[in-house]
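Open the model in your viewer and keep the selection tool at hand. The tour goes from one selection to the next.

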Amino acid sequence: MSDKMAARTGADGLAAEIRRAMDDRELAVYYQPKFDALTGKMTGAEALVRWIRPDGTVVMPGDFIPRLEEGDGILALDWYVLKEVCAFLDRQEKAQVRRVPIAVNFSRIHAFEEHFVTMLGGIVDEYGISHRLIEVEITESALTDQSDKIADSIRKIRDAGFRVAIDDFGSGLSSLSFVKDISVDVLKIDKSLLSRNCEDEKERIVLESIFNFAHRLKLTTVAEGVETREQLGFLRTCDCKIIQGFLFARPMPEQDFTELCQKGIDEEPKEDILMTQAPSSATQLLLDAVFTRYALVILANLTRNSFYMMEYENFTSTSCPSTGVFDELIQHGASTMHPEDRELFRNTFSIPNLMAAYNRGEKCVSVVTRQIGDDGIYRRVETADYFVKNPSVDDVLVIALCHNLE
Ligand code: C2E
Ligand code: MG
Ligand code: MG
């Protein structure tokens, strides 16, 4: 049966045909390597199924998976691929070939399989493979319905020691709320978001925003479908961690992938990232530098008496509210200062005094005080509030940059 004929076969007929293809070992697993965006080291691979007909024609998953997903034929296929991957990792171990984690695609229907995690763990354990070597990829569209059930299923998968990736992120509609509610390890950015080669400003803004929020949520980011150096350059400047795409490697048969693992050859970045970066990304680099210099960065709206923390790492005191009422933040800050410095701190950063400084045309208000750390020791800290302007509102805003002087 040709793939055109397959396209006409109903879901049940196709499922039967796929079962036969599994028995006759016509289904092959290809591996597409993934690389660290900066060092070029191979960090893992994705398992992608191919149906290789006896006459040698290769049927791509796009030609049969969507219709298998209409019934439950996809379940058997995914378990088959997982077993093939485990058997492969086992062969690699016996041959003492360097192994990297392999991502396996699971259709959304698995989330409703009652014993999914038990089966997953059972198969992987049967082959004696560490759970850290298997990553479970679930497409974003899977997350749109019955989210509670899916969140629960994902939690159990992670509790069992498997990493979970959201695949094709950005291809659906309800991405953001799910990333907020569901804890996963990896976000795979859909290749459709790179369709303008990162040369279009809107495309860059959308990508920058996605990487920014993903990194703030401490998710590992993977860009898939990377085909050009321009895309690579821009993705690096967004601090994208992992690259998957034809630019580095196409999905390849097991033998070729094994050779790649054996050679241990990594893709070296061939040019300075500054040569390929897009201009808007400089902002991200600048922010990174600021966050490195200042352990505590706060954006406050003096007009509305509110604030949120943009960065907070390894600062003197660990107990600090991350968002809320600015007045309360200053009270809290004052209470962590040396008794002799409390009044100074409170006065300097009271809203009326900051507003007065703003109205006098001052650009910045700063003070050095002694703050107690979690270890009970006082250290000198500098707090500098810079007045900033958001063109779309009249509110008076400040960026507070704080750092330890010792
Ligand atoms: P996916 O999981 O998002 O896999 C990535 C797809 O992007 C693969 O297509 C890969 O070949 C393709 N790709 C990678 N780099 C590039 C690039 O630089 N440019 C372009 N244009 N494409 C690139 P493939 O192998 O045709 O698979 C299509 C989809 O079929 C997969 O998308 C996945 O959703 C599904 N699939 C594949 N194998 C399985 C499986 O075993 N189980 C399930 N449930 N789905 C699978
Ligand atoms: Mg995938
Ligand atoms: Mg994908």
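**Two magnesium ions**

Select the magnesium ion (ligand 2) and the magnesium ion (ligand 3): they lie 4.0 Å apart, and Asp167 coordinates both. This is a predicted model, in which local features need pLDDT of at least 70, side-chain atom pairs count only at pLDDT 80 or more, and totals for chains, interfaces and linings use all residues. Residues are numbered from 1 along each chain as its sequence is written, chains are lettered from A and ligands numbered from 1 in the order in which they are written, and side-chain values use heavy atoms, with hydrogens and water left out.

Donors are N, O and S atoms within 2.8 Å of the metal (3.2 Å for Na, K and Ca); water is not among the atoms, so sites may look incomplete.

Now colour strand S2 (residues 42–52), which holds Glu46, and strand S5 (residues 134–139), which holds Glu137; the two residues are 91 residues apart. Strands (E, at least two residues) are DSSP runs, numbered from the N terminus. Glu46 is buried at 3% relative accessibility, and Glu137 is buried at 1%. Buried means under 20% relative accessible area, exposed over 50%, partly exposed in between (1.4 Å probe, protein chains only).

Asp168 sits in strand S6 (residues 163–169) and Glu224 in strand S8 (residues 220–224), 56 residues apart. Finish on Glu224, which is buried at 7% relative accessibility.

Notes:
Helix = DSSP H or I, 4+ residues; strand = E, 2+ residues; numbered from the N terminus.
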